Amino acid sequence: MKLNGKKVLITGGARRIGAVIARHIAEQGAVLMLHCHNGIAEGEKLLEELPGTGHRIFQADFSIPGAAEKLAAGCGEVDVLINNASIYARTPADLPEAESRRYFEVNFWSPLALMRAFAVPERSSEGVVINIVDQEILRPAAENGIYAVSRKALADATLAFALEHACRGLRFNAVAPGPMIPPPGLEHSTMSKVLKSVPTGKRIAPEDLAATLLYIIANDSLTGAVIPVDGGQHLKNYEYL
Ligand SMILES: NC(=O)c1ccc[n+]([C@@H]2O[C@H](COP(=O)([O-])OP(=O)(O)OC[C@H]3O[C@@H](n4cnc5c(N)ncnc54)[C@H](OP(=O)(O)O)[C@@H]3O)[C@@H](O)[C@H]2O)c1
């Protein structure tokens with residue numbers, strides 16, 4: 001698919017990695033439907049800076065059931081959906097149920113609701129969905145149980161949707177990044193420690209992730225793939241200690 005003039009919904013696109021993705025997509029001539037949660041001011045500023053016209057911003061809290069469905073209705077049919085929004089923190093497998101459910105609401109049910117809205121039976125045009133997950137789906141780190149399971153569930157849903165909708169010209173892929181930037185609130189954490197588990201020894205550039213998304217969108221034969229962009233991290237055990 002060529003992005004010029006195409007309508008692209010990016011969740012969590014106002015700041016951090018989402019904003020890098022938004023810039024790369026807008027540079028290809030796409031019209032952005034930029035979703036944000038708390039980053040509305042940053043998102044509005046970003047849209048002013050982006051090339052092209054017709055970009056819009058939407059606010060939604062995915063921890064509230066039904067919010068993603070409302071977002072989908074507000075955006076209308078999109079050509080490309082990029083599920084980037086997520087929450088991350090240390091989440092042991094025995095996290096209390098309410099908190100576990102919040103992780104699943106934001107990291108699994110909301111992107112799933114957007115995928116469902118994207119693939120409604122009455123849709124006739126081709127389209128591409130990319131779910132950004134985490135290389136931890138392949139090898140969860142200690143104390144990241146619920147986060148990793150919520151991302152793995154989305155990766156698996158990607159494959160199920162890919163198989164079911166391939167004949168309609170709808171493609172579903174996932175990208176599983178390694179460490180790019182420390183999570184919000186953990187900016188003090190030392191990347192050097194995490195990078196011991198990355199064979200290349202290098203932080204993943206958000207631009208490399210964005211380039212992978214452009215490759216997926218452009219490649220009409222690619223569906224049902226989960227692509228690690230992680231410097232080989234999924235090949236190794238975690239060595240945090
Ligand atoms: N950072 C890394 O090194 C790394 C590593 C592996 C995988 N990833 C994955 O790559 C993607 C981008 O990473 P990131 O570090 O930029 O992610 P992030 O900052 O943790 O989260 C991305 C966006 O999700 C939105 N969000 C958070 N809570 C939400 C809620 N309740 N409802 C709706 N939206 C909500 C936020 O939007 P607002 O800013 O508008 O509040 C935020 O900008 C994520 O899917 C992440 O899991 C990141």
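Helix 1 (16–27), strand 2 (31–36) and helix 5 (145–165) each give at least two residues to the shell around the ligand; helices here are DSSP runs of H or I with at least four residues, strands are runs of E with at least two, and both are numbered from the N terminus. Everything here comes from a predicted model, where local features need pLDDT of at least 70 and side-chain atom pairs need pLDDT 80 or more, while totals for chains, interfaces and linings use all residues. Residues are numbered from 1 along each chain as its sequence is written, and side-chain values use heavy atoms, with hydrogens and water left out.

**Around the ligand**

Let's look at the shell itself. Of its 29 residues, Arg15, Arg16, His37, Asn84 and Met180 come nearest to the ligand (near means a heavy atom within 4 Å). By class, the shell has 15 nonpolar, 9 polar and 5 charged residues; Ala, Val, Leu, Ile, Met, Phe, Trp, Tyr, Cys and Pro count as nonpolar, Asp, Glu, Lys and Arg as charged, and the others, Gly among them, as polar.

The table shows polar contacts, which are pairs of N or O atoms within 3.5 Å.

| Residue | Part of the residue | Distance to a ligand oxygen atom |
|---|---|---|
| Ser86 | side chain | 3.0 Å |
| Arg151 | side chain | 2.9 Å |
| Met180 | backbone | 2.7 Å |

The protein covers 91% of the 870 Å² of accessible area that the ligand has on its own (Shrake-Rupley method, 1.4 Å probe).

**The pockets**

Where does the ligand sit? Its place is the largest pocket, as more than half of its atoms lie within 2 Å of the grid points. A pocket is an open set of points on a 1 Å grid over the protein atoms alone, where a 1.4 Å probe fits, with protein on both sides within 12 Å along at least five of seven lines; lining residues have an atom within 4 Å of a point.

The largest pocket holds about 1,500 Å³ of space, a volume filled by probe spheres set on the points. Among its 48 lining residues, Arg16, Ser86, Tyr88, Pro183 and Pro184 are closest to the centre.

The second largest pocket has a volume of about 160 Å³. Its lining has 13 residues, with Gly76, Glu77, Val78, Ala117 and Phe118 closest to the centre.

Definitions and conventions: Polar contact = N/O pair within 3.5 Å; in protein donor to acceptor, adjacent residues only side chain to side chain.
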